[in-house]
Amino acid sequence: MNIKTMQVGPIGTNCYLLEDESTRQAAVIDPGGDAPRLLAALKGLDVRRILLTHGHYDHTGAAAELASALPQAEVYIHERDYRDVDPGLFPLRTQLSAVNFYGEGDRLPLGELTLEVLHTPGHSQGSVTLRCGDVLFCGDTLFAGSCGRTDFPGGDTAKILASLRRLGELEGNLQVLPGHMESSTLDRERQVNPYLRQAMDGGF
């Protein structure tokens with residue numbers, strides 16, 4: 001498994017290029033902008049999936065352009081973030097009609113890799129965390145030392161705390177690859193992240 005991190009779009013969202021090295025099949029996770037730069041980085045890879053952890057513009061801004069340039073790549077998002085958000089704020093629905101919905105417990109193959117979908121609402125109703133082996137692609141649910149804000153439409157503080165608790169209770173010291181800022185590990189976040197600690201202490 002090879003993972004490349006690129007900061008893209010107007011606020012430097014973390015976009016992840018995930019490659020199964022044995023087959024060169026790849027997925028793009030949260031293409032928030034800069035489609036030409038992403039396409040250049042993906043050259044030579046067999047891009048099969050464009051995976052969105054949630055529907056906010058800074059995580060989806062290049063999805064339509066990538067889908068047009070990579071017709072073999074299927075776009076996935078949770079249905080709640082595709083159907084239930086204001087297209088004026090989160091315009092994915094007006095930009096892209098050919099999408100697939102994924103949700104809790106779904107498993108997506110990528111070459112010899114498998115991504116498991118964990119529904120982790122709170123930052124938005126349709127936020128998901130994607131687990132691949134010992135790696136968590138957390139979107140805007142869990143950050144290094146923090147968590148996603150809940151004051152946008154669809155945000156819910158009680159739900160994000162429940163989602164944080166769920167992530168904190170996963171076994172092992174998993175890698176945490178968030179939608180913004182630096183990466184971390186689950187052990188570190190259990191120790192120092194006040195939101196995760198609150199959630200695991202039942203503070204919701």
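Modeller: Let us begin with Ile50, whose bridge partner in β5 is Val75. Strands here are DSSP runs of E with at least two residues, helices are runs of H or I with at least four residues, and both are numbered from the N terminus. Two strands pair if DSSP finds at least two bridges between them. In this case β4 and strand β5 (residues 74-77) run parallel and are joined by three bridges. Please note that this is a predicted model, in which local features need pLDDT of at least 70 and side-chain atom pairs count only at pLDDT 80 or more, while totals for chains, interfaces and linings use all residues. Residues are numbered from 1 along each chain as its sequence is written, and side-chain values use heavy atoms, with hydrogens and water left out.

Colleague: In what order do the strands of this open sheet lie?

Modeller: The order is β1-β2-β3-β4-β5-β6, six strands with mixed pairing. Strands β1 (2-8) and β6 (100-101) each have a single partner strand, so one side of each lacks a neighbour in the sheet. β1 pairs with strand β2 (residues 13-20) in the antiparallel sense, over seven bridges; there, Thr5 has Tyr16 in β2 as its bridge partner.

Colleague: Is Arg49 buried or exposed?

Modeller: A residue is called buried under 20% relative accessible area, exposed over 50%, and partly exposed in between (1.4 Å probe, protein chains only). Arg49 has a relative accessible area of 10%, and therefore it is buried. This residue belongs to strand β4 (residues 46-51).

Colleague: Which residues is Arg49 in contact with, leaving aside its neighbours within four places in sequence?

Modeller: Contact means heavy atoms within 4.5 Å. On that basis Arg49 is in contact with Ala26, Ala27, Val28, Ala73, Glu74, Tyr76, Leu108 and Pro109. For Pro109 there is a further detail: its backbone oxygen lies 3.1 Å from a polar atom of the Arg49 side chain.

Colleague: With which side chain does the side chain of His56 make a polar contact?

Modeller: A polar contact is a pair of N or O atoms within 3.5 Å; within protein, one must be able to donate a hydrogen and the other to accept it, and residues adjacent in sequence count only if both atoms are side-chain atoms. The side chain of His56 makes such a contact with the side chain of His123, at 3.0 Å. His56 lies in the loop between β4 and α2 (57-60), and its relative accessibility is 4%, so it counts as buried.

Colleague: Which strands form the open sheet that contains β13?

Modeller: That sheet has six strands in the order β7-β8-β9-β10-β13-β14, with mixed pairing. Its edge strands, β7 (107-110) and β14 (184-185), each pair on one side only. Strand β13 (residues 175-178) runs antiparallel to β14, joined by two bridges, and Gln175 has Thr185 as its bridge partner in β14.

Colleague: How many helices and strands are there in the protein?

Modeller: There are eight helices and 14 strands. Of the 204 residues, 50% are buried.
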